[in-house]
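Colleague: Could you walk me through this model? I'd like to ask a few things as we go.

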Amino acid sequence: MAVITFIIDDEQYSAQEGVTILQVARDNKIHIPTLCYLDGLSTLGACRLCVVEIEGSPKLFPACTTKPTENMVVRTNTEKLKKYRRIIVELLASEGNHQCAVCVVNGHCQLQDLAYEVGLDHVRFPYLFPKKSLDATHKDFVMDRNRCVLCTRCVRVCHEVEGAHVWDISGRGIHCEIIADLNQPWGTSANCTSCGKCVSVCPTGALFEKGASVGEMQKEHDFIKFIVTARNKHEWVHIAPEDE
Amino acid sequence: MTVEDLRELAEKEQARQAQFEHRILYCSSAGCVSSGCDAVKAELKKAIEELGLTNKCELLGTGCLGLCGEGPLVFVHSDPTLYQHVDAKVARRIVEEHIGQGKKVKENEIDLKDPFFASQTKIVLENMGKIDAESIEEYIAADGYEALAKALTEMGPEEVIGEIRKAGLRGRGGAGYPTGLKWDIVRKGVSDQKYVVCNADEGDPGAFMDRSVLEGDPHRVLEGMAIAGYAVGANQGYIYARAEYPLAIERLKTAIKQAEKLGLLGNRILESQFNFRIDIRIGAGAFVCGEETALLRSVMGRRGRPKVRPPYPSEKGLWGKPTVINNVETYANIAPILRNGSAWFAGIGTQKSPGTKVFALAGKINRTGLVEVPMGIPLKKIIFDIGGGTPEGTEFKAAQTGGPSGGCIPKEHLDLPVDYESLQTVGSIMGSGGMIIMDNTSDMVDVAKYFMDFCMDESCGKCIPCRVGTKHIYTLLEKIVNRQATEDDFALLKELCMMVKETSLCGLGQAAPNPVLSTIRFFNEEYISKLKPATTFNATGEEHSPVTVAKEVK
């Protein structure tokens, strides 16, 4: 495989051909915010938080799916990108019922972390106050669709890693919802193995364990990469949690 | 069937048609069906039989005759006369007086020298008003499948692609990507299987170009696809048509059956080594499935959601195989290019955008309907010469091209040549060819709100900017229309529009703010006049507008 050199934020980096800008950035401790991306799962490119500027193109590119080419000049943190990332988080905050103070993952929530990161001190858009359903039919877990950001990590982990494909999406646009089986109560799903991977990878408090009180639910996101590496490469290596 | 058989069939059919002194063609497209062409057809048939003209006069249903607003339309071919607003009574008179006595029915006649007809150049629509939409023999008699025969017998796949590249044909779905280049990428792709897909998921409000082509001349599209299949090395084609086009789907099914029966589709086409099958896939009504990656997923039976490109469909399309995906109108251009040569095609239109474009004229315009014009024609000419301008007593205000993804073009830009690049300079797009004309009674903020309502409803919900952004753009526009918005809201609207445009995943989201941005650009004062002064709060928390605050200070 050929090695290419390119520039991220005025510094030169080299990388194997075929890896994405996001991977190179992470390997070199350059922080690019992400939400739908999770190591070990297929990339979706849907949350648009990781968009970067590439010199010579008027468009913005998601770092998670874009592969660098020789001498490409990438910028990850311009004023425009910062502004747009703030709006993305602002849109999410207005879309769901994200009341941190009463949420089980308060303090361990990736949406909350993003809000801090982009400096979201207030929301300029009217709150949509969704009245989506809450599914507590599973014996161990709960799904609160009002806290869901539709990153589809749960859908992908269930389909790609667990192989059960309990979760999927129904509806369109603002009416999108995550559903179990063919929109049946989660507890009645014969496919669900109760493995809890979906709960672990959920970035917010949409999926949580029963019995957890405010701020008590902590999530483990990095073991998916471990499982996938072990399964595909037969290498049982613990990857240190991202420290950025 | 061999190529000789094909030509023999064409001659036989031409001879059969020559037997008739008169050919009466009634428009059988959806527009005229809805205005009652079935009754007209029945009366024409009855009258012909009653007057004993069956040996002299042939009656057939043809494709869209263009002036959809004046339907039902009937065309007498032998002595070229077009009749509008035909009902059963007029139908009988056409047969009795025109055919029987040679006297035209003056009251319903349309002048064929009118600029509406004279200013058009017909390539895609050349068979409309000439052939029976449901007869393969008539299509063959009009040089149909001749281009496929030529490609299979005289040309190699590279030569076919070379011709298309030299002709400079660009995708008619809206983006204008060079068709030859796309085919070349697929041809060069290494794979055991390749596919050809036709995008017939025409979802823009007010657009009906593709529907008319499929209803009036389905074989033209099949032939174009078969040539594409031969050029890139594919043996399977899919037409993705929306379920809202039942007549088009019906005619396509008939056409595929007819072509298969004659050996023009299927295995060993025209006794060559080339096999090509075409199947129809029917969409379930999602606008986003007109986006190519979403369309391909829908063809595969998956949820119609776009995915990030690259890889493009020409590298990884259906089931991960190289796939050509083009619009109906693009395929309809292929056969004429091969028949008449690339130089002929390149000579029409402009250098950068050769050929013609079909537009569906709708809205506040005197002649609504389907028109085909050479690229580069000034917008003014389409609206005032061909379309006859806005109704009397009103004034032209703006033309909306490209549907919900396009923009509004004001009267200052009426001289703009209509081609891919020029339309982009004023913040609009060519799009698939819808053109909605608005007069001074239209409120531009309301227009923007209408299109945003559409985009919000049709957003698939995959990416955040489009899913939530379009919702809030709509809410802000609603606030402006209701005169509840302040300057801060207006600034926020502009900021959000730019963000949705630049960060959305697919073309739908990226283009969704276009109607808003273009109306802000050209009709800013309509927004400003609807804003209310910013409110402030006094110490007791009551709302104050700055005006009242100023009064109190006094």
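What follows is a short chat about the model.

Modeller: Before you start, this is a predicted model, so local features need pLDDT of at least 70 and side-chain atom pairs count only at pLDDT 80 or more, while totals for chains, interfaces and linings use all residues. Residues are numbered from 1 along each chain as its sequence is written, and chains are lettered from A and ligands numbered from 1 in the order in which they are written.

Colleague: What radius of gyration does chain B have?

Modeller: The radius is taken over C-alpha atoms, and the globule rule is 2.2 Å times the number of residues to the power 0.38. For 554 residues, a compact globule would come out near 24 Å, which agrees with the value for chain B, 26 Å.

Colleague: How much of chain B is made up of buried residues?

Modeller: A residue counts as buried if 20 or more other C-beta atoms, placed from the backbone, lie within 10 Å of its own, as exposed if 12 or fewer do, and as partly exposed in between. Over the 554 residues of chain B, the buried share is 55%.

Colleague: And how many residues of α18(B) are buried?

Modeller: Helices are DSSP runs of H or I with at least four residues, strands are runs of E with at least two, and numbering starts at the N terminus. α18 of chain B covers residues 444-458, and its buried residues include Met444(B), Phe451(B) and Glu458(B). The helix is largely enclosed by the rest of the structure, because the buried count, out of 15 residues, is eleven.

Colleague: Which residue is the bridge partner of Ile24(B) in β3(B)?

Modeller: Two strands pair if DSSP finds at least two bridges between them. In β3(B), Ile24(B) is bridged to Val76(B).

Colleague: Now the two chains: which element gives the largest share of the side of chain A that touches chain B?

Modeller: Contact here needs C-beta atoms, placed from the backbone, within 7 Å. Chain A brings 24 residues and chain B 23 residues. On the side of chain A, β4 (60-62) and α2 (79-95) each supply at least two residues. The largest share, seven residues, comes from α2(A).

How values were computed. Two residues are in contact if their C-beta atoms, placed from the backbone, lie within 7 Å. The expected span of a helix is 1.5 Å times one less than its number of residues.
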